[in-house]
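Hi everyone, thanks for making the time. Let me put the structure up, and then we can walk through a few details together.

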Amino acid sequence: MRERLFVGLVLPFILLPATSCSWLSVEEDAWIAPSFIKDQYVATRAAAELPDTNDFLMTVLKSDGSVVYSGTYGQSPETIKVSAGTYTVRVVSEEFSKPVFDKAQYGDEQTVAVTSGGLFKVGLLCRQMNAGMRLNVSPTFLTAYPKGLLYLKSGEGKLLWTYRETRIAYFKPGQVSLLLNDSSSEKVLLTRTLMSQDVLTINVSALTPSDTQKQEGGVTISVDTTRNWISDSFVIGGGGAGDDSDNALSVSEARSRAGETGVWVCGFIVGGDLTSSDSGISFEAPFSSSTNIAIASRSNVSSKSSCLSVQLPSGAMREALNLASNPSNLGKKLYLKGDIVSAYYGIPGIKNISDYILK
């Protein structure tokens, strides 16, 4: 009797885990399947000579920083086994860290949230990730500055531009400056803000003693399937774009020239009461703020993203231009001389205004 009781008590104890295991969750594996978007890559490759995607460097990182895969795309498995979590898939044609000639970097970076037991496809684009700049140096520059040296400089370094150079200089996206070193002095001629895929060509010339008229710089933009090809002109010693009110930059030009100082910009007053939110601007009276306004290329603009924000300095200029006190200024044409900044109230702007013309 004692033996049977013992067995009867033990059996339920042994069976309990087996009959109650349904409450335990067993995490299943998941898979990531990276691949290039074929149609896009074929179209891109037709317009530029790009490396084989099999040679691209690919890294798959989990959100905690752990490396799931590091190697070439061609050697990676078609599906990569992972656990549930968030992953970043990055592919680049080659690593890029400092300015260098003839080194366009192509690739993409995507983030994917993976749940247990699923197959998650990651589509990768082949696009230029860095930015390029090149110079066309006019004989007039060589005549005016026979000992002058031109450099292209970013935060990561600078490159000497020899006058026989034809290659494109590549930089990380951001501000790139053109420098002139004439004997012992060095000065910044201009600064441009470049985005990924931009390739900017600057035509550099100089006024000679026989020149009697100011030369005006111009900007034209054309886009193809792989890059934004941008052309610009800069005349040393001449009345270039932004140098005076007659050659004032448009709002669209100014928005791409963050870092330039003491330049003239022209636009129409379209609003005020700016805040940092995407929609933070008033386009109709009444206005309450006297410290800022917004200008645009056309008087009927009603989107903050198309505007240039303006910081009004204290004093007579603020009293004359602010919309709170002067609502009739709305829609008027305004010329401003100041410093272009990359962000003021969430959009490119102009600060440190030293002169203005209101029409």
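Gly267 stands opposite Leu334 in strand 22. This is a predicted model, so please keep that in mind as we go. Strand 19, residues 263-272, and strand 22, residues 333-344, run antiparallel to each other and share 6 bridges. Where does that pairing belong? In a closed barrel of 5 strands, ordered 19-20-21-23-22, with mixed pairing. On average, neighbouring strands in this sheet are turned by 55° against each other, ignoring direction.

Now to the aromatics. How many aromatic pairs does a search of the whole structure find? There are 6. Take Phe141 and Tyr163: their ring centres are 6.0 Å apart and the planes meet at 70°, so we call this pair edge-to-face. Phe141 belongs to helix 3 (residues 139-144), while Tyr163 sits in the loop between strand 12 (157-161) and strand 13 (169-171), so the contact ties together parts 22 residues apart in sequence. Are these two buried or exposed? Phe141 is buried, at 0% relative accessibility, whereas Tyr163 is partly exposed at 33%.

Tyr344 and Tyr345 also form an aromatic pair, a tilted one, with 4.7 Å centre to centre and 55° between the planes. Here Tyr344 counts as buried at 11% relative accessibility, and Tyr345 is partly exposed at 28%.

Two more for you to find on the screen. Phe36, Phe56 and Tyr73 are linked into a cluster by ring pairs. And the charged end of Lys158 sits over the ring of Tyr151, 4.5 Å from the ring's centre.

Technical notes
Residues are numbered from 1 along each chain as its sequence is written. This is a predicted model: local features need pLDDT of at least 70, side-chain atom pairs count only at pLDDT 80 or more; totals for chains, interfaces and linings use all residues. Side-chain values use heavy atoms; hydrogens and water are left out. Two strands pair if DSSP finds at least two bridges between them. Helices (H or I, at least four residues) and strands (E, at least two) are DSSP runs, numbered from the N terminus. Axes are lines fitted to C-alpha atoms, for helices over the stretch in contact, and angles run from 0 to 180 degrees between N-to-C directions. Rings of Phe, Tyr and Trp (its six-membered ring) pair if their centres lie within 6.5 Å; planes under 30 degrees apart count as stacked, over 60 as edge-to-face and the rest as tilted. Buried means under 20% relative accessible area, exposed over 50%, partly exposed in between (1.4 Å probe, protein chains only). A charge sits over a ring if NZ of Lys or CZ of Arg is within 6 Å of the ring centre and within 35 degrees of the ring normal.
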